[in-house]
Amino acid sequence: MQGRIVKGIAGFYYVDTEDGIFECRAKGIFRNQKVKPLVGDLVELEVLSQEEKEGSVISILPRKSELIRPAVANVDQALVIFALSRPTPNLPLLDRFLIMMKQKAIPTIICFNKSDMVSEEEREHFRQIYRDCGSKLLFISAKKGEGTDAVRDCLRGHMTTVAGPSGVGKSTLINHLVPEAEMETGKISEKADRGKHTTRHSELFRLEKDSYILDTPGFTALEPEAMEKEELRFCFPEFDPYEGSCKFQGCIHDREPGCAVKEAVEDGKISKERYESYISFFRELKERERRRYS
Ligand code: GDP
Ligand code: ZN
């Protein structure tokens, strides 16, 4: 039988199958190999007890992707949630997240929640900033259930990691999308918690067949992977159409004369906020490089 590992605690793997969730141990063979089952893995399992829903993981199907923090396999997109108000969106943090996902080549959907708390002008303000950032943009109200069908459509058929700072309405949205999320968690923990301590771990929730979301903890400590500052500009898709049109080859769009990107910013073709964000990250990388070599 095949299934998807939705949770792993203290050597037990919880595998979602057509027959429900099985509590599994990994077969001994894994101990001799470097590969260890991860949340998100599609696995082959051997049923030990249909009654007790117990089994063994006997093999892992080939992975499409692997994230390290959180350790999860097969994630193919990210949904990042920010509130339009309370808390006001931390755009540098959002941009940092977009850079990270771009580095990992994981497509991102930006979801602005609490739309009900702001005016259309304010929504338009954020829509303009992110219009060409390469991510799909959604404006929703999780509390009122507005726009959540569009979220559901985006998630269909995907393994999505859901991230966002606290207070933005992440739980509200997840509970709206997966009403049994809490129930299901309780069900799994009952078996898993027997005499074992629980820590914060990644858990997949099933939305529908072949659609899962992963609640990603620890959002505030985002650290894009090391990269050359000269590569940063490729993490800003709005620059792409102008790449190669600057006067100098390899222009990093900072202080060079005849820079097509800066011209586009002045003409309002590239959002000023995103450009300034680029410059600020560029300086940060430059500073890091300076410290590395001094
Ligand atoms: P989390 O920390 O990201 O999981 O955020 P919660 O889901 O716990 O929500 C934080 C607060 O924001 C709660 O008081 C929610 O009721 C409220 N909230 C969530 N979504 C919305 C929304 O769409 N509109 C408004 N006005 N409040 C919301
Ligand atoms: Zn340039």
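## Burial and overall fold

Buried residues make up 48% of the 294 residues in the protein chain. Buried means under 20% relative accessible area, exposed over 50%, and partly exposed in between, with a 1.4 Å probe and protein chains only. This is a predicted model: local features need pLDDT of at least 70, side-chain atom pairs count only at pLDDT 80 or more, and totals for chains, interfaces and linings use all residues. Residues are numbered from 1 along each chain as its sequence is written, chains are lettered from A and ligands numbered from 1 in the order in which they are written, and side-chain values use heavy atoms, with hydrogens and water left out.

The protein chain has seven helices and 13 strands. These are DSSP runs numbered from the N terminus: helices are H or I with at least four residues, strands E with at least two. Along the principal axes, the C-alpha atoms fill a box of roughly 70 × 45 × 30 Å.

## Contacts and surface

Take contacts between residues at least 6 apart in sequence, where contact means heavy atoms within 4.5 Å. Of these, 67% join residues at least 24 apart.

The chain's accessible surface comes to about 15,400 Å². Carbon and sulfur atoms hold 49% of that surface. Areas come from the Shrake-Rupley method with a 1.4 Å probe; for residues, only the protein chains shown count as cover.

## The ligand shell

Ligand 1 has 15 residues around it. A residue is near if one of its heavy atoms lies within 4 Å. Asp116, Gly167, Lys170, Ser171 and Thr172 come nearest. Helix H4, residues 170–177, gives the most to this shell, with three residues.

By class, the shell has four nonpolar, seven polar and four charged residues. Ala, Val, Leu, Ile, Met, Phe, Trp, Tyr, Cys and Pro count as nonpolar; Asp, Glu, Lys and Arg as charged; the others, Gly among them, as polar.

## Atom pairs at the ligand

A polar side-chain atom of Asp116 sits 2.7 Å from a nitrogen atom of ligand 1. For Ser171, a side-chain N or O atom is 2.5 Å from a ligand oxygen. For Ser141, the corresponding distance to an oxygen of ligand 1 is 3.1 Å. On its own, ligand 1 has 580 Å² of accessible area, and the protein covers 71% of it.

## Cysteines

The structure holds zero disulfides, a disulfide being a pair of cysteine sulfur atoms within 2.5 Å. Cys154 is in none; the nearest cysteine sulfur, that of Cys111, is 8.7 Å away. Cys154 counts as buried because its relative accessibility is 12%. Cys246 also counts as buried, at 12%.

Methods:
A polar contact is a pair of N or O atoms within 3.5 Å; within protein, one must be able to donate a hydrogen and the other to accept it, and residues adjacent in sequence count only if both atoms are side-chain atoms.
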